[in-house]
Amino acid sequence: MKKLKSLKELSDLRKKLEKEYNNKKEIFVCCGTGCRANNSLKIAEDFEKILKENKKEIPVIRYLKKTGCHGFCEKGPLVIIMPEEIFYCKVKEKDVQEIYEKTILKNEVVKRLLYKEPKEKKEIEKYKEIPFYKNQFRIAMRNIGKLDPFSIEDSISKGAYLGLEKALKMKPEEIIEEIKKSGLRGRGGAGFLTWRKWEAARKEKSDIKYIICNGDEGDPGAFKDRSIMEGDPHSVIEGMIIASLAVGANEGYIYVRDEYPLAVETLKKAIEECRKLGILGENILGKGHTFDIKISRGGGAFVCGESSALIRSVMGKVGEPRAKYIHATEKGLYDRPTVLNNVETLADVGAIILNGGEWFASFGTEKSKGTKCFSLVGKVKNTGLIELPMGTTLRKIIYDIGGGIVKDKKFKAVQTGGPSGGCVPEALLDLPVDYEKLTEAGSMMGSGGMIVMDERTCMVDVARYFLKFLLEESCGKCTPCREGLRQLMAIYEKIVKGEGKEEDLDKIKKLSSAMKVASLCDLGRSAPNPVLSTLKYFEEEYIAHIKDKFCPAGVCSDLVIYEILETCNGCGACRRICPVSAIEGKQKELHKIIEEKCISCGSCYDVCPINVIIYKKKELRNG
Amino acid sequence: MVEIIVDGKKIKAREGNYLLRELKINGIKIPALCDHLSVEPWGGCRLCLVKITKEEWKGWSKIVASCLYPVESGLIVSTKDKEVEKARKEVINLMLARSPQTPLIVELAKEYGIEKTDYEEYKEPTDCILCGLCTRICDQLGMSAISLVNRGIGREVAPPFNLEPPDCIGCLSCAYICPTKFIKFEENEKKRKIWGKEFEKLLCKNCGSGTVTKMEAEYFSKKQGLDPSVFELCDKCKREYYSKKFEELQR
């Protein structure tokens with residue numbers, strides 16, 4: 001790799017690489033974390049072996065590419081044959097030979113590996129025609145899945161650093177103006193206008209300024225930043241360099257959770273290669289700007305995703321938030337002007353500069369522009385990673401892209417925004433998803449986690465789950481968050497045991513509103529959101545727990561008892577799944593639950609193929 | 001100096017200084033348990049909340065912790081705002097659940113009309129309100145012998161690994177600054193014990209009574225560049241010695 005000394009040298013290299021890399025026949029093996037967990041590395045290895053052994057037989061050179069996450073994790077491991085875009089899902093090691101013989105040698109499709117449309121039971125051959133992909137529009141994730149994240153050459157051939165090329169010819173004010181036009185807002189969840197941050201930091205007079213990329217994605221169920229860092233690290237680096245040009249910064253940090261080892265690897269390699277090519281370092285592409293990036297690894301505290309705690313953590317101190325009456329853009333890292341942006345925000349920047357702010361602003365709603373990445377998880381058929389224009393309705397996300405609820409059960413709520421967000425009920429399914437609308441509904445955008453819940457989810461239990469998470473993750477510095485969460489948890493523990501009182505609901509409301517006002521940072525201020533939103537939309541469930549001592553969803557094990565009806569056909573599915581062997585019965589005979597052994601986990605209820613297991617109120621309780 | 005309005009009254013305050021300190025200077029009472037003039041403010045206890053606004057904010061206001069908010073010209077501060085009082089009362093309520101037997105907290109709660117907490121009292125009440133004054137003063141003196149360990153409800157003040165703190169010099173600053181007297185120590189003429197570590201004291205050359213700990217004398221003479229002889233006398237004998245010297249000089 002030779003150091004590039006001018007913009008022309010970069011575009012010459014790009015032209016050369018485009019010829020060399022593009023429009024060739026390729027095999028993409030998804031090596032995102034989800035597919036890796038399902039053995040995709042071995043699949044890639046097997047392909048490699050076969051390709052090597054049969055070099056002469058292959059008509060055109062085929063590249064095998066270990067790509068980043070394709071998003072459709074539910075169906076992994078994924079293999080895509082390019083340029084035909086043939087999409088194979090749930091590929092196993094033993095399928096490799098067949099794919100090679102049929103698809104690669106003879107251009108035949110292996111039908112049984114294709115994605116099957118669940119409604120019409122039709123196989124879909126091309127990847128772009130699958131509803132999961134068809135309904136998406138990708139900006140931040142534009143190149144994920146198309147390139148080898150460990151190769152800067154491949155990234156450049158797919159358009160990485162085109163935005164930077166343009167930005168290097170622009171004045172800082174012009175860059176900021178373009179971001180302003182785009183209406184880009186912080187994708188970490190708070191939705192602060194990106195250009196405002198940049199402008200504020202640009203105006204500060206300081207010899208040292210910093211750009212920090214926040215890759216401490218801690219919300220349970222969220223993995224969009226992870227996939228971006230793992231699948232296309234150069235989009236993040238490009239965004240950071242452009243930010244540094246706009247602000248006048250020479251140093252940058254990427255703060256990555258240590259739980260993301262693959263992201264650390266891809267970023268490390270990407271930074272190294274950028275330095276070698278002269279895209280990072282002194283006198284970038286001969287244009288006189290100096291900027292370099294270091295990786296700072298987090299220690300696993302949720303609160304370190306909060307900007308002031310993150311900055312302290314980068315400095316090697318305990319990650320505790322501080323008051324933000326003085327903004328980081330004025331006094332941030334080492335008391336210097338600091339711009340802190342989320343991974344996805346930065347991944348958007350390159351595309352915005354390249355295509356113009358107006359182009360980006362043409363997507364989305366009035367106040368929320370562009371697209372947004374979501375991690376779609378929970379009781380939805382097609383779990384995975386998606387990117388959509390802002391303003392897409394929840395219904396479209398859950399039913400058109402997500403394919404509806406698992407086992408076609410009834411939808412109950414969708415939890416957005418992680419532990420700081422809230423639950424949105426069925427009545428609001430047509431809500432267009434943007435920053436304002438979600439906040440109005442008592443939830444928030446957060447980092448784009450969407451947890452879909454069905455009728456078998458107890459909303460009191462959901463609130464309790466998030467409280468437990470926050471209780472463990474609160475730093476404990478300020479009284480309302482530390483003590484408030486503890487007391488909220490105590491109330492919830494009582495409610496799920498059937499010991500709750502009606503006045504507890506008022507207590508929850510009173511305490512929550514105090515926490516919102518008095519807490520030091522946004523963790524504490526938003527901690528009551530899961531509580532208040534479930535209480536707002538599902539108060540009758542709380543009442544059922546408190547007054548009737550019954551859990552309508554059959555989740556809270558102290559309040560329900562399971563029973564097998566006499567119409568049981570004795571298939572034995574419940575007996576086999578019961579974790580405590582509390583079900584007895586001979587095959588093809590009526591089964592019975594032994595009450596003393598039963599822990600009311602509900603596994604039998606969920607597994608019964610003919611729905612003859614019911615739950616009802618537990619009458620005999622202690623106290 | 002700039003002019004700000006507090007609860008309807010105009011006062012003069014130093015621009016950029018922390019609001020709580022300026023309020024205190026002007027005799028305005030406001031509860032605050034984690035603030036102390038010897039250390040940088042921290043914003044942990046959340047009692048010193050006030051509502052602030054400005055004419056140009058056009059009706060918009062926000063609630064801030066006054067201990068950390070820098071004074072700006074034209075600030076309109078309300079220390080008795082209803083929302084503020086409500087939140088503060090709830091914080092005290094929570095503190096009382098944690099420390100139901102701690103006189104300082106019980107007194108404060110009484111001021112706000114709370115006899116008994118609305119919440120579940122701790123089964124093992126503690127006097128430690130986690131204000132962090134002890135660890136901050138220890139940091140400031142340069143020792144950092146103790147710190148706040150763990151997070152959330154598991155948080156406590158402790159030396160590393162709960163063992164004898166190697167960096168502690170036995171100066172007792174932590175114990176003296178503790179607003180609830182939670183940090184305990186033992187002392188006699190010759191020895192001092194705190195955080196499970198025993199310290200030998202220097203004995204006054206004149207009267208033989210114990211003075212500071214040996215480690216303290218070493219540390220401060222090194223840090224301040226003082227002659228070790230400074231620590232030879234106890235405070236009382238030092239005073240006598242210097243007054244005598246004064247007399248001699250006057251003569």
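Two strands pair if DSSP finds at least two bridges between them. Helices (H or I, at least four residues) and strands (E, at least two) are DSSP runs, numbered from the N terminus.

## Basis of the model

The structure is a predicted model, in which local features need pLDDT of at least 70 and side-chain atom pairs count only at pLDDT 80 or more, while totals for chains, interfaces and linings use all residues. Residues are numbered from 1 along each chain as its sequence is written, and chains are lettered from A and ligands numbered from 1 in the order in which they are written.

## Overall form of chain A

Chain A contains 25 helices and 19 strands. Its radius of gyration, taken over C-alpha atoms, is 26 Å, close to the 25 Å given for 623 residues by the globule rule, so chain A is as compact as a globular protein of that length. That rule is 2.2 Å times the number of residues to the power 0.38. Along the principal axes, the C-alpha atoms of chain A fill a box of roughly 80 × 65 × 40 Å.

Of the 623 residues in chain A, 54% are buried (20 or more other C-beta atoms within 10 Å of the residue's own, with C-beta atoms placed from the backbone). Among contacts in chain A with a separation of 6 or more, 72% join residues 24 or more positions apart; a contact requires C-beta atoms, placed from the backbone, within 7 Å.

## A parallel sheet in chain A

Four strands of chain A form an open sheet in the order E9-E8-E7-E10, with parallel pairing. Its edge strands, each pairing on one side only, are E9 (292–297) and E10 (338–342) of chain A. From one strand to the next, the twist averages 20°, with axes as lines fitted to C-alpha atoms and angles running from 0 to 180 degrees between N-to-C directions.

Strand E8(A), residues 251–256, pairs with E9(A) in the parallel sense over six bridges. A:Gly252 has A:Ile293 of E9(A) as its bridge partner, and A:Tyr255 has A:Ser296. Together with helix H12(A), residues 261–277, strands E8(A) and E9(A) make a right-handed β-α-β unit: with the strands pointing away from the viewer, the path from the first strand over the helix to the second runs clockwise.

## Interface between chains A and B

In chain B, 28 residues are in contact with 26 residues of chain A. Strand E4 (61–65) and helix H2 (82–98) of chain B each supply at least two residues of the side that touches chain A. The largest share of that side, nine residues, comes from H2(B).

By class, the side of chain B that touches chain A has 16 nonpolar, three polar and nine charged residues. Here Ala, Val, Leu, Ile, Met, Phe, Trp, Tyr, Cys and Pro count as nonpolar, Asp, Glu, Lys and Arg as charged, and the others, Gly among them, as polar.

How values were computed. Two residues are in contact if their C-beta atoms, placed from the backbone, lie within 7 Å. A residue is buried if 20 or more other C-beta atoms lie within 10 Å of its own, exposed if 12 or fewer, and partly exposed in between; C-beta atoms are placed from the backbone.
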